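Reader: I would like a close look at one part of this model. Please keep it brisk, and tie each residue to its surroundings.

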Amino acid sequence: MERTFLMVKPDGVQRGLIGEIVSRFERKGLQLSAAKFMVLSEELAEKHYEEHKGKVFYEPLLTFITSGPVFAMVWQGDNAIALSRALIGKTDAIDASPGTIRSDFAVHTNFNLIHGSDSAANAEKEISIYFSPSELIDYEHTI
Ligand code: CMP
C-alpha cells in the first residue's frame with residue numbers, strides 16, 4: 001500500500017472539475033485517505049514547490065497556486081503514485097495521452113489542473129506539508 005498527494009489546482013476548482021477529477025481516482029479503485037479545501041499561504045506554496053525555486057516558471061506558479069482555493073487530497077492503494085500520474089498525464093497537455101486528465105481538460109502547462117507527487121520521497125514530503133498524521137484515515141471497504 002502506498003500513499004500519494006494530489007491537489008486540484010485553482011483552475012480545476014474554478015472550472016468545476018473537482019467532482020470529475022475525484023471520480024476518476026474513485027473509479028480507478030484508489031482509496032481517499034484525506035481531503036482539504038483550502039487557500040494556500042505563500043509560505044506553504046514555497047515549501048511545496050521549493051525544488052523549482054529559481055526556474056522561470058517558479059514565481060508565476062506561486063502567484064497562480066495561491067490565487068484561489070485548491071482541493072488537497074491524499075489517496076492510497078498499491079502503486080498509488082505511478083497510477084495517479086498515469087491518470088493525470090504529462091505536465092504539458094500537448095504531450096499528455098488522450099484519456100488522461102490533462103489531455104482531456106487542460107491546454108497549458110501553467111494551468112494543468114492537478115498536481116500529483118512524482119516520487120515516494122516527494123509524496124511523503126507533500127503529505128506532511130498539507131496534513132497531520134491524525135488526518136490520514138486508513139479504513140477497510142466493507143461494502
Ligand atoms: P506540477 O505538477 O504542480 O509541478 C510544478 C508545476 O509547475 C507544474 O505542475 C506546472 O503547473 C508548472 N510548470 C510551468 N512550466 C513548467 C515547466 N516547463 N516544467 C515543469 N513544470 C512547469
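How many other C-beta atoms lie within 10 Å of Asn79?

Author: Asn79 has 13 other C-beta atoms within 10 Å, so Asn79 is partly exposed. The cut-offs are these: 20 or more other C-beta atoms within 10 Å make a residue buried, 12 or fewer exposed, and anything in between partly exposed, with C-beta atoms placed from the backbone. Asn79 sits in the loop between β3 and α5. Helices (DSSP H or I, at least four residues) and strands (DSSP E, at least two) are numbered from the N terminus. The phi of Asn79 is near 55°, a positive value in a residue other than glycine. Most residues other than glycine have a negative phi.

A word on the source. This is a predicted model; local features need pLDDT of at least 70, side-chain atom pairs count only at pLDDT 80 or more, and totals for chains, interfaces and linings use all residues. Numbering starts from 1 along each chain, as its sequence is written. The chain has a mean pLDDT of 96, and 99% of its residues reach 70 or more; pLDDT is the predictor's confidence in each residue, from 0 to 100. The model scores ipTM 0.94 and pTM 0.96.

Leu113 also has a positive phi, near 70°, and is likewise not a glycine. Leu113 lies in the loop between α6 and β4. With 24 other C-beta atoms within 10 Å, Leu113 is buried.

His115 counts as buried because it has 20 C-beta neighbours inside 10 Å. Leaving aside neighbours within four places in sequence, His115 is in contact with Leu6, Met7 and Lys9. Contact here puts two C-beta atoms, placed from the backbone, within 7 Å.

Gly116 is also in β4, residues 114-116. It has 25 other C-beta atoms within 10 Å, so Gly116 is buried. Beyond four places in sequence, its contacts are Thr4, Leu6, Ser84, Arg85 and Ile88. Val8 is 108 residues away from Gly116 in sequence, yet the two C-alpha atoms are 9.1 Å apart in space.

Now the ligand. It is surrounded by His52, Phe57, Leu61, Thr91, Thr109, Asn110, Asn112 and His115. A residue joins this shell if its C-beta atom, placed from the backbone, lies within 6 Å of the molecule. The shell divides into 2 nonpolar, 6 polar and no charged residues. Ala, Val, Leu, Ile, Met, Phe, Trp, Tyr, Cys and Pro count as nonpolar, Asp, Glu, Lys and Arg as charged, and the others, Gly among them, as polar.

The unreviewed UniProt entry gives "binding site" at Lys9, Phe57, Arg85, Thr91, Arg102 and Asn112. Take Phe57. It lies in the loop between α3 (42-48) and α4 (58-65). Phe57 counts as exposed because it has 12 C-beta neighbours inside 10 Å. Outside four places in sequence, Phe57 is in contact with His52 and Asn110.

Then Thr91. It lies in the loop between α5 and α6. With 14 C-beta neighbours inside 10 Å, Thr91 counts as partly exposed. Thr91 touches Thr109 and Asn112, again leaving out residues up to four places away in sequence.

Next comes the core. The largest nonpolar core has 30 residues, and Met7, Val8, Met73 and Ile114 touch the most other members. Such a core is a set of buried Ala, Val, Leu, Ile, Met, Phe, Trp, Tyr and Cys residues joined through C-beta atoms within 7 Å. Elements giving two or more residues to it include β1 (2-8), β3 (70-77) and α5 (80-88). The largest share, 6 residues, comes from β3. Met73 touches Leu6, Met7, Leu32, Ala34 and Ala35, not counting residues up to four places away in sequence.

An unreviewed UniProt entry lists residues 1-138 as "domain: Nucleoside diphosphate kinase-like". That span is 41% helix and 19% strand, and its end C-alpha atoms lie 11 Å apart.

Conventions: UniProt positions renumbered as here; feature names shortened; annotations may be inferred.
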